[in-house]
Structure formats: structure tokens, C-alpha cells
Amino acid sequence: MKLFAKMFILALCALILFSCASAPKNEGQGKADDGSMSAEELSYINDTERRHLLQNNVEKDNEILRKVSIPAKLGAEGYDVLEKFMLESLGTGVGIAAPQVGINRRVIMVQRFDKEEKPFEFFYNIEIKKTYGEKVVGWEGCLSIPAGFGQVERWQDIDIEYDAEADGKIVRKSENIKGFTAVIFQHETDHLNGILFIDVKTADPLMTAEEYREMRMKEKAAKEAQEEKTE
Ligand SMILES: [Zn+2]
């Protein structure tokens, strides 16, 4: 239930953190791009006035959110600032992707509910390589979508691959991820391909943050009443 509360607060933060500043363009880097940030990207991410959490109901922001992101380079200039700003922008959320803060690079941050300490971890050039079992439907919200919550079918068991540093070199690392953490990985990886959860949700209309909160409160009350009965 805590997770749903988090998702709710996450949506509220999205509503509050509205901004009109524009994000940088990374066109013109072409084939030579090795994942290093351009001068324009560096100037944007270091500019505390200009950088912001993007919202899909702002035209300029939505253009960035809808782009396919290009590769990132672990340890290159500016990525430490990007990571810090992603963490700052997360609020009480459970995951965020670089395009959501205006950088179209393949970096995501995911809260690892599959680890005891539930740490926030960054993943560079992440790929979902394999899925297992059946998809399960669950509620999702997004920091960049103030309109509300929807239900999405996601895999519960996935293999991922991403860049990691080993002995000063960048190598590919693989992991198997299960449950809700796997859902976060799919939501954030979609962002890197310009896909938002509203594109892949069920046909039901979005629930507003208020409606969603009420539904969760009712469910919680019903569960508690049931528990009292069985005691
Ligand atoms: Zn999102």
C-alpha cells in the first residue's frame, strides 16, 4: 500500500513542479556521438534557472519527452550533475528517466525494491533483453504526466543489460529483475524511446490524482475491516 501512496505523492509533485523553461536540443551530433554531452546539453544541465522537470501538457516539454534518446557515457562530463538533478526531481517517486529532466540520453534511475535497503540506482544504456511469464496489470503514474493514473500491463520477470564500470573500463552487466521493480524498469526504459505510460495503458480513462487517492483509501479501509473480521 505504501507504494501506491508514493505513486500518489509522485503525481502531486508533478502537478506542483510546473515550469515553462525550454530544454536543450541535441541534434547535429550524428554518428560521431560517443555518449558525451554536447556543449548545449552541458550548459542546460548546469543552469539551475533553465533545467526543470518536464511536463507532457507543455508543448516544448512534450517534444523532448517524445524523442528517442541517444546513448549516454558513464563517467563523462555532466553526468554527475544530471544524476544529482534526477534525484532532486524525483521527490517521493520511485523512478525517473533523463528525458524527464530535459536530457535525451539513455540514463534512468530506479528504486530497487528488490533489494533490502531499497536504494536508488542509475542505469546507463539500459536494455530489456528478455521477458518471462505473463504480463500483469497494475496502476501507474508519472512525474511528467499531471493528468492522472492509469492501468498498464507489464512483465513481472525480465532480464536487463546495462553499462557498468569494472577496472576502469565500461562493460555490459546483466541482471534478472522481478516484481514491482521490473515494472519500474519497463516504465523508465519506455521513456528512453519516447513512450509514455498513457500510450500503453488499458482503454480505461485516466483517474485523477484525487480519484486515485480516494480509491486507495477505500481499498485500505476495506482491507483493514476484513483483517479485523478474521482476527
Ligand atoms: Zn514516467
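Predicted model: local features only at pLDDT ≥ 70, side-chain atom pairs only at ≥ 80, totals over all residues.
Which residues have the most contacts inside the largest nonpolar core?

The protein chain contains seven helices and seven strands. Along the sequence they follow the pattern α-α-α-α-β-β-β-β-β-β-β-α-α-α. Of the 231 residues in the protein chain, 36% are buried. Among the contacts with a separation of 6 or more, 70% are between residues 24 or more positions apart.

Five of the strands form an open sheet in the order S1-S2-S3-S6-S7, and their pairing is antiparallel. Strand S1 (95-97) and strand S7 (169-178) are at the edges; each has a single partner strand, so one side of each is left without a neighbour in the sheet. From one strand to the next, the twist averages 40 degrees.

Strand S2 can be followed residue by residue. Three bridges pair S2 with S1 in the antiparallel sense, and isoleucine 96 stands opposite methionine 109 of S2. Toward S3, five bridges join S2 (residues 107-111) to residues 120-131, again with the strands running antiparallel. In that pairing, valine 107 has tyrosine 124 of S3 as its bridge partner, and isoleucine 108 has phenylalanine 123 of S3.

S2 is also mostly covered, with five of its five residues buried. Val107, Met109 and Gln111 point one way from the strand, while Ile108 and Val110 point the other way.

Helix H4 (residues 79-90) lies across S1, S2 and S3 and runs at about 45 degrees to S2. Helix H5 (residues 180-192) lies across S1, S2, S3, strand S6 (157-166) and S7, at about 160 degrees to S2.

H4 has twelve residues, which at 1.5 Å a residue should span 16 Å; its end C-alpha atoms are 16 Å apart, in agreement with that expectation. Which residues of H4 are buried? They are Tyr79, Leu82, Phe85, Met86, Ser89 and Leu90. These residues cover an arc of only 140 degrees around the axis, which puts them on the same side of H4. An α-helix has 3.6 residues a turn, so residues three or four places apart point the same way. The face turned away from the buried side of H4 carries Asp80, Lys84 and Glu88, which are exposed. The cover over the buried residues of H4 includes helix H2 (39-45), S1 and S2. After H4 comes glycine 91, with a positive phi near 60 degrees.

The opening question can now be answered. The largest nonpolar core has 39 residues, and those with the most contacts inside it are Leu82, Met86, Ala98, Val101, Ile108 and Phe185. Leu82 and Met86 are among the buried residues of H4. Ile108 is buried too, on S2. Leaving aside neighbours within four places in sequence, phenylalanine 185 is in contact with Val110, Ile128, Ile158, Ile160 and Ile177. In soluble globular proteins, nonpolar side chains tend to be buried together.

Conventions
Residues numbered from 1 in each chain as written. Pairing = 2+ DSSP bridges. Helix = DSSP H or I, 4+ residues; strand = E, 2+ residues; numbered from the N terminus. Axes fitted to C-alpha atoms, helices over the stretch in contact; angles between N-to-C directions. Contact = placed C-beta atoms within 7 Å. Buried ≥ 20, exposed ≤ 12 C-beta atoms within 10 Å, placed from the backbone. Expected span 1.5 Å × (residues − 1). Arc of directions from axis to C-beta. Core = buried A, V, L, I, M, F, W, Y, C linked by C-beta atoms within 7 Å.
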